[in-house]
Each structure stands twice: as C-alpha cells, then as structure tokens.
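Subject: Structure handover and salt bridges

Hello,

Here is the structure for your files.

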Amino acid sequence: MELTEENLLTLSVYLKETLDPDVNVRRPAEKFLESVEVNQNYPLLLLHLINKAEVDLVIRITGAVTFKNYIKRNWKIDEDTGDRIHMQDRQAVKRLIMNLMLHSPESIQKQLSDAVSIIGRHDFPEKWPELIDQMVEKFNTGDFHVINGVLHTAHSLFKRYRYEFKSQSLWTEIKLVLDQFAKPLTDLFLATMNLAQVHANNIEALKIIYNSLVILCKVFYSLNFQDLPEYFEDNMNAWMTNFHILLTVDVPALKTADDEEAGVIEQLKSQVCDNVGLYAQKYDEEFQPFLPQFVTAIWNLLTSTGQQPKFDSLVSNALQFLATVADRAQYRYLFENPTTLGSICEKVIIPNMEFRESDNELFEDNPEEYIRRDIEGSDVDTRRRAACDLVKVLSKYFEAKIMEIFGSYIQLMLQNYAEKPTENWRSKDAALYLVTSSASKGQTQKHGVTQSSDLVSLPQFAAQHIEPELAKLNVNEVPVLKADAIKFIMIFRSVLPKELVIGSLPHLVRHLAASSSVVHSYAACAIEKILTLKGPDGGLLVQGEVLGSLAAELFKGLFATLETQGSEENEYAMKAVMRTFYILQERVVPFLGDLLPKLTEKLTIVARNPRRPHFNHYLFETLSLSIKIVCKTNPAAVSSFEQALFPVFQGILQQDIQEFIPYVFQILSLLLELQTAPDIPEPYMALFPCLLAPVLFERQANIHPLTRLLQAFVSHGPHQIIAQNKISGLLGVFQKLISSKANDDEGFHLMQTIIEHFPPNALESYMKQVFVLLFQRLTSSKTTKYVKGLIVFFATYAVKYGASNLVAIIDQIQPQMFGMVVERVFITDLQKVCGESERKITAVGISNLLIDCPEMLNSPYNAYYPRLLATLVEFFELPQDESILPEDQAFAEVDDAPGYQAAYSRLIYAGNPKKDPLQSIGDVRLYLAQGLGKLSPGQLPGLLGQIPEPNANHLRSYLQTAGIGVA
C-alpha cells in the first residue's frame with residue numbers, strides 16, 4: 001500500500017463505514033480493514049490520516065482508535081503467526097508517533113498515548129532505549145499541552161509497575177527509568193507547584209497546572225509502588241511537604257458547580273491520599289515523621305467534605321488511608337480512645353454509609369452499575385465500601401468498643417424506621433448495611449460470609465427484620481429495602497440456619513416479579529447461590545425433589561424476568577435457569593416443550609449483537625444441559641435438538657459471529673458424540689469441508705472446540721471422511737496445529753484419534769511424512785509439552801500398528817534413528833508424561849516395545865533394553881517429573897493469546913468424559929509382567945541382573961503377582 005492521497009481517501013471511507021449502525025455496512029468495512037492490515041505502510045497510512053487537520057475529526061479519532069487496536073493486536077510478535085508488521089513500519093512508527101501524539105488534539109492524543117505505552121511494553125528498553133530521553137526533553141518546552149501528553153504517556157507506560165510480579169527484568173527496567181526520569185519528574189513537580197503560586201489568579205492557567213499535578217502524582221504512585229526508590233527517599237521531604245499543601249489547599253476558582261463529576265481539585269486530593277496511603281502501608285518507617293500531619297489533614301478533609309458524588313473517590317481514598325494507618329500496630333494508639341472511636345463512627349463512618357439521593361438515582365436509572373458496585377465487589381471507590389473496610393479494621397482491634405457504639409446506632413435507626421416506615425426507610429437501609437458490613441468477618445465469593453461477629457444474633461435479626469420484609473405481599477414496596485433483605489440472605493447464606501435459607505426460596509421466587517431490575521436480579525442471584533449450597537454430607541443442600549415443587553413458579557418467574565425491559569439479557573436470571581436445570585435433571589423434561597423454544601429464540605436474538613458474555617455463556621450451558629439430560633434417557637432425541645438448533649447455528653457460522661462460534665463447535669461436538677446411527681447425518685457432513693478451512697484456526701478461541709469437533713467426526717465417520725477424500729485436509733490441520741507451541745497438544749489429540757479410528761491402509765501413504773514433520777518440530781523447538789505429546793503419540797502408534805512398525809517407520813527416515821528416540825526421548829523424558837489415560841497408553845506402548853518387538857531383543861537396540869525396562873519400572877513407581885525444559889521459559893512469554901480476540905470459554909455441561917482407549921487392559925504392571933513371562937526361557941533372570949536392584953525388586957513383585965516364576 002503506497003502512501004498516496006487515493007489510498008488515504010479509501011481508508012477514510014472505510015473508517016467512516018465502521019461507524020455505521022447498519023451491520024451490513026459496518027461488518028464488510030471491518031473485514032476489509034482486517035484484510036489489509038498486514039500490508040506494508042498500513043500503520044503509516046493511518047498515522048498520516050490522523051495527522052491531516054482537514055479531515056473530519058470523527059474520522060481522525062476513529063483512525064486513532066483503529067491504530068491503537070492494530071498495535072494491540074499485532075505489535076507483539078507471535079511465534080506461531082510470525083511478524084505481522086513490516087520491520088520498516090515498526091521503525092517508522094516509533095520515529096513518528098511521539099511528535100504526532102504530542103501535537104494532536106486531546107481526543108487523539110489519548111489513543112496514541114495508549115499505543116505508545118503498548119509499544120513500550122514490548123520494545124522498551126531493549127528495542128526503544130531512546131524513549132525516556134525523548135520524553136524528558138519535552139519537559140523543557142514549557143508547553144503544557146506537550147508536557148501533559150508526555151505525562152499521560154508516562155502514566156500509561158509505568159502503570160503496569162503497580163501490578164506486575166517482581167522479577168529481575170522488571171527491577172532492571174524500573175532502575176533504568178528512575179535513573180533517567182526521577183529527577184526530571186521531581187523538578188517538574190516542584191516547578192509546577194511554583195507555577196500554581198505564580199498564576200494563582202489566572203483561572204485558565206490553574207486548570208492546566210492542576211491537571212498536570214494530577215498526572216504527576218499518578219506517575220509518582222506507579223514509580224514508588226514496587227519499592228521505595230533511593231531518589232524519592234532522598235527527596236521525600238520535598239514531595240511530602242507539597243502533598244500536604246495539596247491536601248489542604250483551597251482554590252475557589254477551580255470549584256465546579258457540577259455535583260456529579262469530580263473536578264480537578266477532587267481528583268488531585270484523591271490521588272494524594274492514594275500516594276500517602278501507599279507510603280503509610282509499605283514504607284511506614286521512612287514515612288513515620290510525616291504521618292501525624294497527614295492523619296490530621298485527612299481527618300479534617302473527611303469531616304468537612306460534602307455528600308455530593310463528585311467527592312466519592314476522594315472520601316473513599318481518605319477512608320482507606322485511615323484504615324491503613326489503623327491496621328499498623330505503631331499507630332493504633334491514635335484510635336484506641338473511646339471518644340476518638342465514637343467520633344470516627346459518628347462523623348466519618350455513619351455519614352458515609354447513608355443511602356444518598358445519588359445512590360437512589362443509580363438504583364433506579366442504572367441498575368447494572370448499582371449491582372456491580374453492591375454485590376459484585378466493584379465498589380472499590382465507593383464511600384460505603386471504604387467505610388465498611390474501616391469498620392472491619394477497627395473491629396479487628398477494638399471489637400467490643402466498636403460493637404457497643406454500632407449496636408446503639410443500629411437500635412436507633414431501626415426504631416426511627418419503625419416509627420415512620422414510609423418516610424424513614426433510609427434508616428433501616430443504613431442499619432442493614434451496618435449489620436452486613438460489621439458482622440462479616442470471613443467472606444468468600446463462593447460461600448458468602450463464613451464467619452460473623454457478635455454484633456447481633458444473625459438468626460434473630462433475620463427473623464425480626466429480614467423475613468417480615470420478604471413476606472410482605474407487595475414486592476414493589478420500597479424496593480431498596482427489598483434488595484437489602486435479599487442481599488442479607490445471600491451474604492449470610494452459609495451462617496444462617498439452613499431451614500431459614502431454604503424457607504426463603506418461595507419468597508425469593510415471588511420477588512422475581514418485582515418491577516425493579518435490582519430487586520429481581522438480586523432475587524435470581526440469591527436463588528442461584530442458595531442452589532449451590534452444600535449440606536453436611538457434601539451433597540447439594542437443595543435436592544431435585546425439594547426444588548421440584550417450586551419449579552413451575554420458578555421457571556415462570558425467571559423467564560418473565562428475561563422478558564422484562566432492561567433485563568432481556570439478565571445474567572443472574574440465566575445463571576439461575578442453568579442451576580435449576582442442573583438440580584432438577586430429568587424432572588426438567590416436562591418443562592422443556594415450553595422452555596426450549598424460548599431459549600432458542602433468545603439465542604437467535606442475542607446472536608445479532610452479542611453484548612453480555614456471562615449471559616451468553618449461561619445460555620449455551622443451559623442448552624448443553626438440556627441436551628445431556630434428555631439424551632441420557634432418550635438417545636433418539638438428538639435429532640429434535642438438531643432440528644431446533646441447526647438453523648440458529650447455521651446463521652451464526654455464516655455471519656461469522658466470532659464470540660459464539662466456539663460455543664457452536666462445542667454443542668455440535670456434543671450432539672455428534674451422542675449420535676447412535678452408524679453414519680454421520682448429512683447436515684454434519686455438508687459442514688465438514690468448511691471446518692478444515694485454515695482461517696478458522698487463526699483464532700485461538702476456535703482451536704480447542706474445533707479440534708474436538710473434528711475428533712467427533714473422525715471417531716463417528718472415518719469411512720465417510722475417506723469417501724469425501726478429505727484425509728489430506730485433515731492432516732493439513734494436524735500439520736498446522738503441530739507447528740504451534742500453543743496448540744501442538746491439540747494436534748496430537750487429533751492425530752491419536754485418527755490413528756485409533758482410521759483403517760491402517762487409509763493412512764499408509766501419509767504416515768512417513770507425519771513422522772518427518774514431528775521430528776522437524778522436535779529439532780526446531782523442543783518443549784516439555786511437545787515431548788510429552790510425542791511420547792504418547794509414539795505409544796499410541798505402537799499399540800495400534802505394532803511396536804515393530806514403530807521401529808520400522810522411524811528407521812525409514814534415517815537408519816538406526818530409533819535408538820536415538822529410545823535414548824533421548826523415552827529414557828530421558830518418560831517420567832514427564834501426565835494424565836491418567838496418557839500414562840496408561842504410554843505404559844502399554846512401551847511395554848509392547850519390550851515384550852512384542854524382536855528388534856529390541858537383537859543388535860543394535862538390545863543395548864537399550866535394560867535401561868528402557870528400568871525406566872518403565874520407574875515410570876510406575878516414582879512420582880511424575882514436573883521439571884521443565886529451558887525452552888519453556890521463553891514459550892510462556894511468547895504464547896500469550898493476542899489481544900482483541902473472543903476468548904475460548906469451555907462449556908462445563910457440553911463436556912464428555914475421556915474414554916479409555918485400552919479398556920480391555922487393567923493393571924499395566926500386570927500387563928508388563930505377563931508379557932515378560934512369554935520371553936524365551938532364561939532371558940528374565942539375565943534382565944533382572946542388568947537393571948538397578950530397587951527396579952529389579954519392583955519387577956519381581958509384578959511377576960510374582962502375575963504368577964510368573966523367575967528361574
């Protein structure tokens with residue numbers, strides 16, 4: 001692709017079409033851009049288009065987003081697909097991008113800044129050593145648009161230091177950054193603080209200056225996260241003095257009238273709280289001299305800050321700081337005075353637990369976000385969560401005092417509610433939240449609260465305040481309290497009496513009809529979580545016969561929820577449907593006539609625009625469960641499911657709905673594996689040639705389910721595949737898979753199924769080339785995973801075609817090559833094979849080499865016989881060898897799946913247990929012993945004398961068990 005005006009115009013047209021709401025316009029445009037992105041100059045064309053001021057800004061921004069996504073997908077070189085960006089393009093992009101980013105409008109600058117950080121993630125410092133110097137020199141321009149652009153990039157680039165695991169390469173990189181960047185950053189910070197004084201009366205200048213200070217503070221946090229750098233320790237006084245100034249500063253000119261969005265001052269103070277919280281938590285010894293002034297400043301902040309949502313992040317971080325300090329033994333004295341604790345509870349904790357008008361708006365207008373914060377744990381930045389964390393820390397050390405203070409507050413709140421329930425419902429909400437947060441000691445996602453404190457008797461509290469709320473006939477009365485009551489049952493389900501929890505199910509089912517999205521979502525979520533509870537015997541607490549009496553109402557409520565506006569794709573309802581199917585098992589069959597059409601109709605709708613991955617996953621799981629439950633007792637019903645699902649699946653495959661294709665392959669595999677007819681039905685065979693298309697294997701998410709589907713074809717219709725003349729196509733798939741470090745195991749699984757089910761004469765002309773490919777890969781890139789797969793493959797071949805044939809085919813490639821395989825593969829790595837079925841195949845295959853292979857008893861291979869026998873005994877008796885080859889270290893880094901791909905999500909209920917291909921063989925030790933017993937008389941004692949004594953003793957034991965005497 002040349003850098004011409006014509007190409008730029010074409011590119012802008014296609015970019016514009018990717019924004020079109022019509023899928024028939026948008027999808028072809030996306031496909032076109034995907035097809036040309038491998039061409040040389042493509043990224044440069046995008047950058048030139050982004051840089052053209054005369055082009056519509058919307059198209060330039062779209063170009064910037066496309067460029068960022070292109071970099072995200074392709075900059076990392078994937079070992080399997082090779083480099084998708086030309087080397088000249090890589091160099092040119094790194095040469096151009098910094099200046100282009102710094103002189104672009106802010107909306108474009110943000111995208112390009114992200115692209116720089118992605119490139120830096122892979123190339124810095126080795127392949128882009130000049131990056132930091134390029135950034136630092138821009139600090140001297142004095143142009144804050146440029147400086148802020150650099151700071152944004154630095155923030156994007158260094159942000160990963162907050163969550164990366166410690167490693168030598170990470171330390172080396174951080175040290176390099178600190179050596180070049182710490183001083184200029186500090187100088188810029190101090191200069192910017194000074195400018196804030198100089199321009200104190202210039203509101204426009206102050207906006208830019210304080211924006212810079214926000215990003216400077218964020219970069220400071222990233223660079224200090226892993227360890228306390230020497231430079232920052234030496235200059236701690238300068239930073240901390242100014243942090244204190246920023247916490248206490250009042251800039252009336254920057255105060256905003258907006259109550260919702262945090263202004264720059266709120267963002268800045270919030271980040272400073274984060275920074276000093278980091279130091280209090282990780283570097284408390286060095287930070288100790290500064291701590292008292294920050295405790296005072298943050299306390300004053302908390303007691304003077306309003307309830308408006310714009311202060312939420314600031315208050316949350318300030319509360320987290322107090323929690324960090326209270327958790328440190330040397331600072332605990334600051335909190336132990338009962339008056340201080342009372343003041344904290346009254347002035348800081350209680351006010352931040354109140355249900356505000358903004359919370360009510362979120363509850364009604366954005367239920368998804370409310371749920372995400374309230375029960376999904378995404379409430380890290382909310383006041384309630386931070387206040388709750390502070391309560392937990394204080395309760396840990398001052399439980400009696402805290403419980404006494406809160407106990408009186410809870411009584412007061414509940415009394416307040418009882419006097420005027422309609423007006424004072426917020427009092428009960430706060431009381432419930434206080435009980436939930438302070439009574440929870442140990443909590444897990446799977447079981448809810450597992451330990452509770454003595455603040456209140458939970459069963460008594462539930463009986464007095466929760467059950468009456470759920471028993472009210474009107475499910476729409478004060479929805480916030482309904483949600484609170486359901487949440488209480490959900491959270492304390494593991495510690496409340498089981499009768500109470502199970503007894504709440506009919507009430508929860510009624511609440512599925514609530515008009516509030518939060519209430520019916522919580523009801524569905526609580527039902528699902530109760531259905532997963534285990535009883536004392538380890539079995540499910542709610543069994544099919546108990547749930548059966550509720551099933552009709554439960555399905556009616558759940559499917560009605562899925563037809564309610566705003567909840568059409570409610571993941572909690574769908575998960576509850578799935579869980580109910582699982583518990584009911586065959587009891588669900590009478591309902592399926594009504595429910596299956598609803599499920600397939602839902603699938604048709606969501607396939608048009610897949611938006612909710614969790615909902616979609618549970619929907620496919622439910623369909624898989626339906627198939628398994630029905631076909632377990634009625635195998636012929638497979639055809640009914642095929643009739644219902646094939647039209648939808650056909651649409652998904654034809655329209656290339658990437659998110660759903662892996663699911664379709666898994667369910668097709670399940671249906672095909674359940675077939676009882678001698679031949680594969682025609683609709684499947686019509687699909688088979690399409691499944692061999694290389695493009696399907698370009699997407700990592702497809703590979704496992706597609707390989708499983710091909711294995712189902714091979715095991716059910718080998719003669720039909722031969723008749724279609726598709727063996728070479730199938731082996732082409734094997735070749736593609738085996739060449740990839742990430743997918744070689746899938747290649748082996750496919751090949752083993754082919755060997756197991758195809759007649760030998762069908763494969764005869766291909767087999768030598770298969771072995772050549774395997775040895776080429778072994779030579780070019782040997783990994784532990786590959787060697788394990790290769791050993792199992794060789795063993796499968798020996799079992800199926802005979803051990804002598806294995807020796808012969810390897811020696812056809814190179815004379816006496818089999819000796820190298822025995823010495824360098826079998827003897828060296830046999831112990832690494834894992835997996836029950838794999839170890840059995842390996843044991844039988846190697847036994848066959850020892851007991852049914854004349855070549856192993858004659859020269860030259862008889863020299864290896866005793867060592868191979870000793871190795872097999874060790875394979876039986878020693879633990880699996882879990883050491884890995886040095887090559888695997890590099891492999892772990894290279895094979896991360898490239899970004900922006902639909903991930904493969906395994907359907908639990910579409911799985912089929914692994915079949916034992918050697919069912920006729922029981923104990924493999926006995927199998928070896930019986931085979932050795934058939935050797936020529938007198939051979940056994942000689943063999944026992946040639947292997948180490950411990951191995952010989954084990955072997956004598958096998959022979960004795962098999963009733964074979966050793967002369």
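Buried means under 20% relative accessible area, exposed means over 50%, and partly exposed is in between, with a 1.4 Å probe and protein chains only. This is a predicted model, in which local features need pLDDT of at least 70 and side-chain atom pairs count only at pLDDT 80 or more, while totals for chains, interfaces and linings use all residues. Residues are numbered from 1 along each chain as its sequence is written, and side-chain values use heavy atoms, with hydrogens and water left out.

A salt bridge here is a side-chain nitrogen of Lys or Arg within 4 Å of a carboxyl oxygen of Asp or Glu. The whole structure holds 47 of them.

Arginine 426 pairs with glutamate 357, with 3.1 Å between the closest N and O atoms. This pair links distant parts of the chain, 69 residues apart: arginine 426 is in helix H21 (residues 425-439) and glutamate 357 in helix H18 (residues 357-365). Helices are DSSP runs of H or I, at least four residues, numbered from the N terminus. Glutamate 357 is partly exposed at 46% relative accessibility, and arginine 426 is partly exposed at 30%.

Lysine 482 and glutamate 469 form another salt bridge, at 3.5 Å from N to O. Lysine 482 is in helix H23 (residues 479-491) and glutamate 469 in helix H22 (residues 458-471), so the bridge ties together parts 13 residues apart in sequence. Lysine 482 is buried at 0%, and glutamate 469 is buried at 3%.

Lastly, salt bridges with shared partners join Arg121, Arg160, Glu164 and Glu173 into one network.

Regards

Technical notes: Helix = DSSP H or I, 4+ residues; strand = E, 2+ residues; numbered from the N terminus.
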